[in-house]
Amino acid sequence: MQFDILTLFPEMFTGPFSASIIKRAIERNLLTVNLINIRDYARNKHRTVDDAPYGGGAGMVMEPEPVVLALEAVREKRGGDMGPVILLCPQGEPFTQRLAAELAQEEHIVLVCGHYEGIDERVRAYTTGEISIGDYVLTGGELPAMVVVDAVSRLIPGVLGEETSPVTDSFATGLLEHPHYTRPREFRGAAVPEVLLSGHHARIARWRREEALLRTLVRRPDLLATAALTADDRRFLKELATYLMRLDLGD
């Protein structure tokens, strides 16, 4: 997969993409990240890319021309086929594991990082979609772009060492993930659940499923409305809800 990232601050990506899983994926040619400095497409001697907003108001707005010229350069380099062109902004579609899985099927993704007060509205005509990583405002689209690259890249076959890892992650099944334990068997009075030491794979699998259901019910009950639940899951949740209700009533 290739990511082309249009940004005013390419240096921000050096650290995150030079370590851990993303670094190894790039070294193994499973992933290519091409950083494009929007300032390189400014047509003035000072390489400015922003100006005051029409109608007045605080802040500066990114001009459309440098961004569009950068996108056209990417399109030309790719022979006219760019795949999704995504603007990172607070108004975009919420970024979810489902969306990450959809993007992981693409061969080429272009991410456009906004900055300042925003990007000239006319740039949106040159994009195919918008993504937001949460209901808050950041100084620019660089951090959201890093989040998208990280979440999508780990779903590309071969990027993770253990191919089942992304399948069992939180949100991948519609539920939060079950608890994890490793050595030592006991740590400061807290012991590993006995079922994990039993060697009984079916019991371990069911325990993990029930713990995921419990954690989701307590922390993110909204996820249960769309999660793929079996009859056993629904029975367990019903019993769990009854038990928790009795605790609340003091029974």
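A residue is called buried under 20% relative accessible area, exposed over 50%, and partly exposed in between, with a 1.4 Å probe and protein chains only.

1. Ala73 and helix H2. By that rule, Ala73 counts as partly exposed because its relative accessible area is 24%. Ala73 belongs to helix H2, residues 64-77; helices here are DSSP runs of H or I with at least four residues, strands are runs of E with at least two, and both are numbered from the N terminus.

2. Basis of the model. The model is predicted: local features need pLDDT of at least 70, side-chain atom pairs count only at pLDDT 80 or more, and totals for chains, interfaces and linings use all residues. Residues are numbered from 1 along each chain as its sequence is written, and side-chain values use heavy atoms, with hydrogens and water left out.

3. Largest pocket. The volume of the largest pocket is about 400 Å³. Among the 24 residues of its lining, Leu88, Cys89, Pro90, Glu117 and Gly118 are the closest to the centre. Strands S5 (85-94) and S7 (129-132) are the elements that give two or more residues to this lining, and S5 supplies the largest share, five residues. By class, the pocket lining has 12 nonpolar, nine polar and three charged residues. Here Ala, Val, Leu, Ile, Met, Phe, Trp, Tyr, Cys and Pro count as nonpolar, Asp, Glu, Lys and Arg as charged, and the others, Gly among them, as polar.

4. Terms for pockets and cavities. On a 1 Å grid over the protein atoms alone, a cavity is a set of points where a 1.4 Å probe fits but cannot get out, whereas a pocket is an open set with protein on both sides within 12 Å along at least five of seven lines; lining residues have an atom within 4 Å of a point. Grid points are joined across faces, edges and corners, and a volume is the space filled by probe spheres set on the points.

5. Cavity. The count is one cavity of 30 Å³ or more, and the largest cavity holds about 30 Å³ of space. The cavity is lined by Met12, Leu138, Thr139, Gly140, Glu142 and Leu143. By class, its lining has three nonpolar, two polar and one charged residues.

6. Surface around Leu143. Leu143 lies in helix H4, residues 142-153, and counts as partly exposed because its relative accessible area is 44%. Met12, Tyr136, Leu138 and Leu143 form a nonpolar surface patch with about 350 Å² of accessible area together.

7. Backbone geometry. Most residues other than glycine have a negative phi, and most peptide bonds are trans. Ser20, in helix H1 (residues 20-27), has a positive phi near 60°. Arg47 has a positive phi of about 55° and is found in the loop between strand S2 (32-37) and strand S3 (50-51). The relative accessibility of Arg47 is 37%, so Arg47 is partly exposed. The peptide bond from Arg183 to Pro184 is cis, with omega near 5°; Pro184 lies in the loop between helix H5 (165-168) and strand S8 (186-187).

8. Tyr116. Tyr116 is placed in the loop between strand S6 (108-113) and S7. With a relative accessible area of 33%, Tyr116 is partly exposed. The C-alpha atoms of Tyr116 and Met62 are 7.0 Å apart, although 54 residues separate them along the chain.

Methods. Patch = residues over 30% accessible without salt bridge, like charges linked within 9 Å, V, L, I, M, F, W, Y side chains within 5 Å. Areas by Shrake-Rupley, 256 points an atom, 1.4 Å probe, with all protein chains shown as cover. Salt bridge = Lys/Arg side-chain N within 4 Å of Asp/Glu carboxyl O.
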